[in-house]
Amino acid sequence: MDFSSFLTSLGTSFVIFLVLMLLFTWLSRKPGNTVIYYPNRILKGLDPYKGGSSTRNPLAWIRDAMSSTEKEIIAISGYDTAVYFVFLRAVLGILVLSGIALLPVLLPVAATDDSLKSTAAKTNGTFSDLDYSYMGNVKARSPRLWAFLIATYWVSFATYYLLWKAYKHVSGLRADALMSHEVRLKPEQFAILVRDIPPIPAGQTRQKQVDSYFESIYPKTFYRSMVVTDNKVVNKLWKELEGYKKKLAHAEAAYAQSKRAGKPEGARPTNRIGFLGLIGNKVDSIEFYTEKIKEVTPKLESERKVTLREKQQNAALVFFKSRVIAASAAQSLHSQMVDKWTVTNAPEPRQVIWTNLKIKFYQRQVRQYVVYVIVALTIVFFMIPIGFISALTTLENLKKYLPFLESIVNLDAIKTVLEAYLPQLALIIFLALLPKFLHFLSKVEGIPSESHVVRASSGKYFYFIVLDVFIGVSVGGTLFRTLKTIEKNPNSIVSLLGNRLPLNATFFLTYVALRFFVGYGLELSRIVPLIIFHVKKKYLCKTEAEVKEAWLPGDLNYGTRAPGDMLIFTIVLCYSVMAPIIIPFGIVYFGLGWLILRNQALNVYVPSYESYGRMWPHLHTRILAALILHQVTMFGYFGVKKFYYAPFLITLIILSLIFGFVCHKKFYRFFCDTPLEVALHDSKEIPNNNMEVIFKSYIPPSLSSEKIDGVPV
């Protein structure tokens, strides 16, 4: 990419961001749009505008975001969101500390050498103006390489320092959360999840088996158990019934609206009862759905009783009157065999994945390894098309493989735009296909809670995009572009990869710029959700429940957002020494992300679960993995530059592994289990009436009925 294309990419991305920010300022002041731009505040009963939209400064959202405290974030969006901002602050700090030292030193060191000029003279190649500011412009064996070696040490120690501070801070946040009054009364604090229950002894029921087992171990604090059931049929009936209720409400609302339109008698809505409502006999909707509700309701009640009586599984939730005993039980070994009476912390009621609880111990192990193999194979095979895309989307290859485009591509304006955006857009679209597939694989493992699935799929997605995007684009694209040279001289592959590696920085510069200007512009303006909401409201929604469903925003979606941020951080970190000019782009990305997502957390997104920072150890590990990848990359590149002191970096790699080991040993256990000293904080035994509320909070909606509340489930 030449310098003009780079400036075009940067300039147009910035203009798009300004336009989207102005749209946000204008649209967010419209009363009809408050449910799109302030849904979190509305759901909490707060004033969306904090003083009225007419007097509100167009940039007040920036002031509110910057002045908000961590306590406000926790109060509105929870501890997981606060921990996510700790992550953003930590990586932003790493890049700022790196940039302060690297930019004023490494840029002049690289720019005043002339390695690329001699290379261009020998090979008749061309390089952009940016290429001369990269480490690739430094000659092999040059004493100037010392500056880059010391810079690698600086980046590493800045990362160690800020990661340690962040881990201590998040540990404090988690401790504060678990000792807070609100969390101490949460249902999951008084429950444990028991899986792999042995076969039922003769003369006992599953319920009696579980109750007698735990009552004998915890005679004073055991309350009762809830045996997990196979709810497949009852869930289907319940969803069917709820669907009919919604359709009936929709039909009644449509009928009421028709009466207000000037026809006192109104027009009763109708629908066809065939495939997708497109074929079959036409019936009166209100009468049809009323009959369907009457038909399904007794079936559901009957199936509930059958499910509770005959479909009990080998898993249960066990409840205790004491939070300390529940925490202790979750950390204790209850059987001499690892595949019997497996006990863990209970998930939040809204997080439980009921279908996974019955999966047996060894089945979970086998599923886990099978999923790992599938992910590994997917990573390997996806690297081929990603590398191919990164090479194919260059203008030279487009003209070569699609000759009918040559006349269009050669136009200066189109050429500049295509060079600036085509490869990056192709990569972004390609990556959008992955998250749902990886989420599905994580569920298949048998994980019992939604937040754990998000952490697992997030990890898979991170390693996927780092290996396939960072390495695939860097290595794969170079291999495709230099295939003929490698065919003629196979021994040149190492030097070719080494010499081309810094030159890929320009691609990643535009990729990062596109992500933060256009990506965060769309995030702030919420143009797509706004359009979808108004279309649904005008043409599809008839009831208040349907309108609310149309604007409900969901959560921050850590499963894809965190790996995407980690990819940017990995790219910037790995190129920070080779091409320091990328550091300001990383700073703008995370600085802008911190600001815009803080506004979104305060006003827009509604958390769907709370794990009190359980994701942090995984984020910490991935930041450290990015650092080690940076160190390994620099070690390899110093080798290409024939710098004899490159082995000094081996010490850094070992130090990073030691640092990770120490952090894991010191902090990680606290994020898996609740320390008893924390559980003991202001702990009191809960009265039976409150315990009954806790117990009922775990009853699935499909089994919740006044007629059966007294029946153990």
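Which residues does Phe516 touch, not counting residues up to four places away in sequence? Select Phe516 in this predicted model: Gly521, Phe585, Val588, Tyr589 and Leu592 are in contact with it (heavy atoms within 4.5 Å). Residues are numbered from 1 along each chain as its sequence is written, and side-chain values use heavy atoms, without hydrogens and water. Local features need pLDDT of at least 70 and side-chain atom pairs pLDDT 80 or more, whereas totals for chains, interfaces and linings use all residues.

Next, select Phe87, Phe148, Phe516, Phe569, Phe590, Trp616 and Phe638, which have the most contacts inside the largest nonpolar core, a set of 134 residues. Such a core joins buried Ala, Val, Leu, Ile, Met, Phe, Trp, Tyr and Cys residues through side-chain atoms within 4.5 Å; buried means under 20% relative accessible area (1.4 Å probe, protein chains only). Helix H6 (residues 79-111) gives the most to this core, with 17 residues; helices are DSSP runs of H or I with at least four residues, numbered from the N terminus. Another core lies apart, with 32 residues, including Ala191, Ala251, Ile293 and Val296.

Finally, select helices H5 (residues 70-77) and H27 (residues 582-603), whose axes come within 8 Å and cross at roughly 45°; the axes are lines fitted to C-alpha atoms over the stretch in contact, with angles from 0 to 180 degrees between N-to-C directions. In H5, Glu70, Glu72, Ile73, Ile76 and Ser77 meet Arg598, Ala601 and Leu602 of H27.

Technical notes
Helices (H or I, at least four residues) and strands (E, at least two) are DSSP runs, numbered from the N terminus. Buried means under 20% relative accessible area, exposed over 50%, partly exposed in between (1.4 Å probe, protein chains only).
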